[in-house]
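Subject: Structure for your review

Dear colleague,

Please find below the structure I promised to hand over. My notes on what was found in it follow.

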Amino acid sequence: MSGRARAWGMARSLGMYYGVPFRAGRMRRFYSHVVEPGSLAFDVGAHAGNRVRAWRKLGARVVAVEPQPDFVRLLGLLYGRDPGVTIVPAALGRTPGEASLMISERTPTVTTMSSAFLDDVREDPGFSWVRWSEGTSVEVRTIQSLIEEHGEPGFVKVDVEGYEAEVLGGLTTPVRALSFEYLPATRAVADECLDRIGELGRYRFNRATGEQHRLVERRWLDAEGMRRVLADLPPDAPSGDVYAVRVSS
């Protein structure tokens, strides 16, 4: 790996997630509806840890899951001495084992384990300048194994660049709330995520775009409603996150 490219990628991520004024406070207000004091939250794809920071400010314990070695070290520097944060240096998937992680040194936010994601986004002009490595072997665990080890989370965030359905495939506990990233170029992944969440229980859905930290839909939708919303997005629409909250029976 190129040291200069890695340094650039780290600096880019730190600037993106820690360098924007007022974003931290807005993020805390946004997540306060699903992350409560004393609760447990899983940050799957923790990256530079800005959500870890927000959730700790809200009084939650955090399990931060990150497979990129550079960002595991960064998380250790930022939160390694915090007893309320557990850093898991691994990826998550449908089954435990090992898998190949394709790292983008200059744009590490789009590092992925999904070869289908790479095939899809290579046709997207917004990704034309992005390059990925041949792949680095990483440990793969499941969300369910983390639940067995750390307890049931009140909220799970999954942002793993096209591998979201595989991660949710390793979940069998219907958690209270969760989110997963969507990208118009990879609509099938969002459909799979909605299917899997529907298998776990009854949920209602909303979404947020980019790092705006505000809900887009005027009302919460059922799975089919959210599926239609995502299907109607233009190909050049920004990425975002779908939020799912379990409906009490």
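In what follows, a cavity is a set of grid points where a 1.4 Å probe fits but cannot get out, and its volume is the space filled by probe spheres set on those points. Please bear in mind that the model is predicted.

The structure holds one cavity of 30 Å³ or more. The largest cavity contains about 70 Å³ of space. Its lining consists of Phe-117, Glu-161, Gly-162, Glu-164, Glu-181, Tyr-182, Leu-183, Thr-186, Val-189 and Ala-190. By class, five of these residues are nonpolar, two are polar and three are charged. At least two lining residues come from strand S8 (177-182), and at least two from helix H8 (187-200).

I also looked at a sheet elsewhere in the notes. Three strands make up this open sheet, in the order S4-S6-S5, with mixed pairing. Strand S4 (91-92) and strand S5 (97-101) are the edge strands, each pairing on one side only. Helix H6 (residues 143-150) packs on the sheet and touches S4 and S6. The direction of H6 makes about 55° with that of S6.

Which way do S5 and S6 run relative to each other, parallel or antiparallel? Strand S6 (residues 136-141) and S5 run antiparallel, joined by five bridges. Within S6, Val-140 is the bridge partner of Gly-97. In general, the strands of a sheet pair through backbone hydrogen bonds.

Yours sincerely

Key
Residues are numbered from 1 along each chain as its sequence is written. This is a predicted model: local features need pLDDT of at least 70, side-chain atom pairs count only at pLDDT 80 or more; totals for chains, interfaces and linings use all residues. Side-chain values use heavy atoms; hydrogens and water are left out. Two strands pair if DSSP finds at least two bridges between them. Helices (H or I, at least four residues) and strands (E, at least two) are DSSP runs, numbered from the N terminus. Contact means heavy atoms within 4.5 Å. Axes are lines fitted to C-alpha atoms, for helices over the stretch in contact, and angles run from 0 to 180 degrees between N-to-C directions. On a 1 Å grid over the protein atoms alone, a cavity is a set of points where a 1.4 Å probe fits but cannot get out, and a pocket is an open set with protein on both sides within 12 Å along at least five of seven lines; lining residues have an atom within 4 Å of a point. Ala, Val, Leu, Ile, Met, Phe, Trp, Tyr, Cys and Pro count as nonpolar, Asp, Glu, Lys and Arg as charged, and the others, Gly among them, as polar.
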